[in-house]
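Please keep the sequence and the structure in view.

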Amino acid sequence: MSFTNTGFDREEGGNKWQAEIIKNRSSPMERGVDSEVMGGKEGKENICVIGSGDFGRALAGRLATAGYKVTIASRDPDRNRSLIPSGVEISGLSSAATADLVIVAVPKDFYPSIPANLLKGKVVVDVSNRATIRRDSTESQAEQLARLLPQSYVVKSFNVLSAYSLESGGLQGSKQVFVAGDDASARDLVSGVVRGAGFTPVDLGGLSSARTIEDIPVAVFPQWRVPFY
């Protein structure tokens, strides 16, 4: 699957995300949140990545290398089986039901096909980026996913990373990864996984901040118009 990260409308508040980042610079850990809630002090989470495209595989590989148990869930597990990173399992979508954390790594157009019944009560991470320069909705793509999964805890994160950098090891540990979600415990869980993967989580609060987060990649890298998936 191909999903292109494009565009940022500076007239719609181009510096808003910068102000929010400065205001919320401290990560949950730095604000004193119990470390056992973040990243599983007593053990790594069982993570399911829905989507076997480039980005899903790259992120799954990074998390597996960091010590997490990772399964890629796909409607067609055999399609990319030969490309699955070492240490990562691949299975059908039913594997999402046993995961502690589910990462949705498919383009927005495929959101309606996600099995909401399997994700009830789970923390679900949206990693998507827009395919258009301007938003075609007042909602972020993460908010649209949340509407489709009303019984899940949707968090926006990981969208500022690229498959190439994840696979090549070109990202440094100081790389900031932004996190937004309406449930504080869900944000803390995702922040812990971000940290466990070797990055620095930056908590921007509620899911409405996903609108800002989805603008960040091309705001920081104006020439970045390549697929994330």
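## A loop residue: L118

Neighbours within four places in sequence aside, L118 is in contact with L93, S94, A96 and A97. Contact means heavy atoms within 4.5 Å. L118 sits in the loop between β4 and β5. Helices (H or I, at least four residues) and strands (E, at least two) are DSSP runs, numbered from the N terminus. L118 is partly exposed, at 22% relative accessibility. Buried means under 20% relative accessible area, exposed over 50%, and partly exposed in between (1.4 Å probe, protein chains only). T98 is 20 residues from L118 along the chain, and the two C-alpha atoms are separated by 8.7 Å.

## Model and overall make-up

This is a predicted model, in which local features need pLDDT of at least 70 and side-chain atom pairs count only at pLDDT 80 or more, while totals for chains, interfaces and linings use all residues. Residues are numbered from 1 along each chain as its sequence is written, and side-chain values use heavy atoms, with hydrogens and water left out.

The protein chain holds 7 helices and 8 strands. Of its 229 residues, 55% are buried. Take the contacts between residues at least 6 apart in sequence: 70% of them join residues at least 24 apart. The chain exposes about 10100 Å², and carbon and sulfur atoms supply 48% of that area. Accessible areas come from the Shrake-Rupley method with a 1.4 Å probe; for residues, only the protein chains shown count as cover.

## Nonpolar cores

Which residues have the most contacts inside the largest nonpolar core? They are L63 and F158, in a core of 41 residues. Helix α2 (residues 54–65) gives the largest share of this core, 6 residues. A nonpolar core is a set of buried Ala, Val, Leu, Ile, Met, Phe, Trp, Tyr and Cys residues joined through side-chain atoms within 4.5 Å. In soluble globular proteins, nonpolar side chains tend to be buried together.

Beyond its neighbours within four places in sequence, L63 is in contact with I47, Y68, V70, I103, V193 and A197. Another core lies apart from the largest one. It has 19 residues, among them C48, I50, A73 and Y111.

## Helix α2

Helix α2 has 12 residues and spans 17 Å from first C-alpha to last, close to the 16 Å expected at 1.5 Å a residue. The expected span is 1.5 Å times one less than the number of residues. α2 is mostly covered, with 10 of its 12 residues buried. These are F55, G56, R57, A58, L59, A60, G61, R62, L63 and A64.

What covers the buried residues of α2? The cover includes strands β1 (46–50), β2 (69–73), β3 (88–91) and β4 (101–104), plus helices α4 (163–168) and α5. Just after α2, G67 takes a positive phi of about 105°.

## Helix α5

Helix α5 has 13 residues and reaches 18 Å from its first C-alpha to its last, close to the 18 Å expected. Its buried residues are A186, R187, D188, L189, V190, S191, G192, V193 and V194.

D183 caps the N-terminal end of α5. A side-chain oxygen of D183 lies 3.1 Å from the backbone nitrogen of S185. After α5 comes G198, whose phi is positive, near 100°.

## Salt bridges

The whole structure has 8 salt bridges. A salt bridge is a side-chain nitrogen of Lys or Arg within 4 Å of a carboxyl oxygen of Asp or Glu. D126 and K156 form one of them, at 2.7 Å, N to O. D126 lies in strand β5 (residues 123–126) and K156 in strand β6 (residues 153–156), so the pair ties together parts that are 30 residues apart in sequence. Both residues are buried. D126, K156 and E214 are linked in a network of salt bridges.

E143 and R211 meet in another salt bridge, at 2.8 Å, N to O. This pair links distant parts of the chain: E143 is in helix α3 (residues 141–148), R211 in helix α6 (residues 210–213), 68 residues apart. E143 is buried, at 13% relative accessibility. R211 is partly exposed, at 31%.

D203 forms a salt bridge with R187, and their closest N and O atoms are 2.9 Å apart. D203 lies in strand β8 (residues 200–203) and R187 in helix α5 (residues 184–196), so the pair ties together parts that are 16 residues apart in sequence. D203 is buried, with a relative accessible area of 3%. R187 is buried too, with 12%.

Terms used
Polar contact = N/O pair within 3.5 Å; in protein donor to acceptor, adjacent residues only side chain to side chain.
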